[in-house]
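Visitor: I have a model open and would like to go through it with you. Could we start with the terms you use?

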Amino acid sequence: REKSVRPYFHDVEGRSSIILLLASCVGIALFLWWQGFYANFWTSLRFASFNLISVATSSGYANTDFAQWPIFAPLWMLFLACIAASSGSTGGGIKMIRTVILFKQAGREFTKILQPAAIAPMKIGGAVIPNNIVFSVLAFIFLYFMSVVTLTFVMLISGLDFLTAFTAI
């Protein structure tokens, strides 16, 4: 709209995705630079940003062999592939809006522990999200991660190493 990125920051899912991806790009770039993988920060940022965003959004592009990076970076990228894609995208994973609901529900539960009589409706973008939708999202996330764990174990039984089994799933 109006050739501006401002609408993305008004949407909770867009804002969360952008902040998570930008922070991850800078964090992984600093990590790779600190590990001495690239000569300077800017080169590290270029490779980290392209590959991280590519994996997180399930686009499938790469401009370096990130499997050669220290194991933390590719695993963080896989984690982002599970949570960072937006709901309207073709990216895999549980989608960012469900991740936002998960975090908001965790905050709501923490509030209930501290103040049991508190009434804390969940709001996203000014709209109250009904509890049945929140619990459906939590059930989906539980099933998603239990499927990943179970299928990783199935792949491990077949003789694969953990990293190959986990990344295949």
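This is a predicted model: local features need pLDDT of at least 70, side-chain atom pairs count only at pLDDT 80 or more; totals for chains, interfaces and linings use all residues.

Visitor: Then take glycine 60. Is it buried or exposed?

Guide: Glycine 60 is exposed, because its relative accessible area of 70% is over the 50% cut-off.

Visitor: And where does glycine 60 sit?

Guide: Glycine 60 belongs to the loop between α3 and α4. Its C-alpha atom is separated by 14 Å from that of alanine 48, which is twelve residues away along the chain.

Visitor: Let me step back. How many helices and strands does the protein chain have?

Guide: The protein chain has seven helices and two strands. Read from the N terminus, the order of the elements is α-α-α-α-α-β-β-α-α.

Visitor: What box do the C-alpha atoms fill?

Guide: Along the principal axes, the C-alpha atoms of the protein chain fill a box of roughly 55 × 50 × 30 Å.

Visitor: What share of the residues is buried?

Guide: Of the 169 residues in the protein chain, 31% are buried.

Visitor: Give me a buried example, say serine 44. Which helix holds it?

Guide: Serine 44 is part of helix α3, which covers residues 41–56. Serine 44 counts as buried because its relative accessible area is 0%.

Visitor: What is serine 44 in contact with, leaving aside its neighbours within four places in sequence?

Guide: With those neighbours left aside, serine 44 is in contact with Ile28, Ala29, Leu32, Trp33 and Tyr38.

Visitor: On to valine 134. Buried or exposed?

Guide: Valine 134 is buried, with a relative accessible area of 0%. This residue lies in helix α6, residues 131–157. Apart from its neighbours within four places in sequence, valine 134 is in contact with Ile101, Gln105, Met122 and Ile129.

Visitor: How far is valine 134 from serine 147?

Guide: The C-alpha atoms of valine 134 and serine 147 are separated by 20 Å, and the two residues are 13 residues apart along the chain.

Visitor: What about threonine 99? Why is it classed as it is?

Guide: Threonine 99 has a relative accessible area of 5%, so it is classed as buried. Threonine 99 lies in helix α5, residues 96–114. Beyond its neighbours within four places in sequence, threonine 99 is in contact with Ile83 and Ile94.

Visitor: Across the protein chain, what share of contacts joins residues 24 or more positions apart?

Guide: Among contacts with a separation of 6 or more, 46% are between residues 24 or more positions apart.

Visitor: Changing topic: pockets. What volume does the largest pocket have?

Guide: The volume of the largest pocket is about 200 Å³. Its lining includes Val55, Phe66, Trp69, Pro74 and Leu163.

Visitor: Which element supplies the largest share of that lining?

Guide: The largest share comes from α4, with four residues. Both α4 (72–83) and α7 (162–168) supply at least two lining residues each.

Visitor: Last one, charges. How far apart are the mean positions of the positive and negative charges?

Guide: The protein chain has 11 positive and 6 negative charges, and their mean positions are 11 Å apart.

Terms used:
Residues are numbered from 1 along each chain as its sequence is written. Side-chain values use heavy atoms; hydrogens and water are left out. Buried means under 20% relative accessible area, exposed over 50%, partly exposed in between (1.4 Å probe, protein chains only). Contact means heavy atoms within 4.5 Å. Lys and Arg count as positive and Asp and Glu as negative; His and the chain ends are not counted. The place of a charge is taken as NZ of Lys, CZ of Arg, CG of Asp or CD of Glu. On a 1 Å grid over the protein atoms alone, a cavity is a set of points where a 1.4 Å probe fits but cannot get out, and a pocket is an open set with protein on both sides within 12 Å along at least five of seven lines; lining residues have an atom within 4 Å of a point. Grid points are joined across faces, edges and corners, and a volume is the space filled by probe spheres set on the points.
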